[in-house]
Amino acid sequence: MAQSKGWVRRYFKAFCKGFFVAVPVAVTFLDRVACVARVEGASMQPSLNPGGSQSSDVVLLNHWKVRNFEVQRGDIVSLVK
């Protein structure tokens, strides 16, 4: 019984350490570098979401290019309100 409590305690401690390191790293990455978004609706047809309103596409939004002002003609830009 005492061994199982020690194992649970070590597992919980390792989980907490990993959690408190991984969450800030993941949030910073998603905010500063890139994130994944879903495109729905007819606003980007036929380039994205060609199947109509029933389907959706998944895109990678590159925050790094926008922060360095490397947007060029032909790039798709996403605005968040």
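A residue is called buried when its relative accessible area is under 20%, exposed when it is over 50%, and partly exposed in between, with a 1.4 Å probe and protein chains only. The model is predicted, so local features need pLDDT of at least 70 and side-chain atom pairs count only at pLDDT 80 or more, while totals for chains, interfaces and linings use all residues. Residues are numbered from 1 along each chain as its sequence is written, and side-chain values use heavy atoms, with hydrogens and water left out.

**The whole chain**

Begin with the entire chain, coloured by secondary structure. Two helices and two strands are present, and their order along the sequence is α-β-β-α. Helices (H or I, at least four residues) and strands (E, at least two) are DSSP runs, numbered from the N terminus. Of the 81 residues, 7% count as buried. A contact means heavy atoms within 4.5 Å. Among contacts in the chain with a separation of 6 or more, 44% join residues 24 or more positions apart.

**Helix α1 and its rings**

Select helix α1, residues 2-32, and show W7 and Y11, which lie four residues apart in it, about one turn of the helix. Both W7 and Y11 are exposed. Rings of Phe, Tyr and Trp (its six-membered ring) pair if their centres lie within 6.5 Å; planes under 30 degrees apart count as stacked, over 60 as edge-to-face and the rest as tilted. By this rule there are three aromatic pairs. The ring centres of W7 and Y11 are 5.8 Å apart and their planes are at 15 degrees, so this pair is stacked.

Which arrangement do the rings of F15 and F19 adopt, stacked or tilted? The pair is stacked, because the centres are 6.0 Å apart and the planes stand at 25 degrees. F15 and F19 are four residues apart in helix α1 and therefore separated by about one helical turn. F15 is partly exposed at 46% relative accessible area, and F19 is likewise partly exposed at 40%.

**Strand β1 at V36**

Move to V36, in strand β1 (residues 34-39). With 60% relative accessibility, V36 counts as exposed. Which residues does V36 contact, leaving aside neighbours within four places in sequence? They are V58, V59 and L60. The C-alpha atoms of V36 and V58 are separated by 6.9 Å, although the two residues are 22 apart along the chain.

**The loop at P50**

Select P50, in the loop between β1 and β2. P50 counts as exposed, at 61% relative accessibility. Not counting residues up to four places away in sequence, P50 touches Q45 and D57.

**The largest pocket**

Finish at the largest pocket, whose volume is about 700 Å³. Of its 23 lining residues, L61, N62, I76, V77 and S78 are the closest to its centre. The elements giving two or more residues to this lining are β1, β2 (57-62) and α2 (63-67). A pocket is an open set of points on a 1 Å grid over the protein atoms alone, where a 1.4 Å probe fits, with protein on both sides within 12 Å along at least five of seven lines; lining residues have an atom within 4 Å of a point. Grid points are joined across faces, edges and corners, and the volume is the space filled by probe spheres set on the points.
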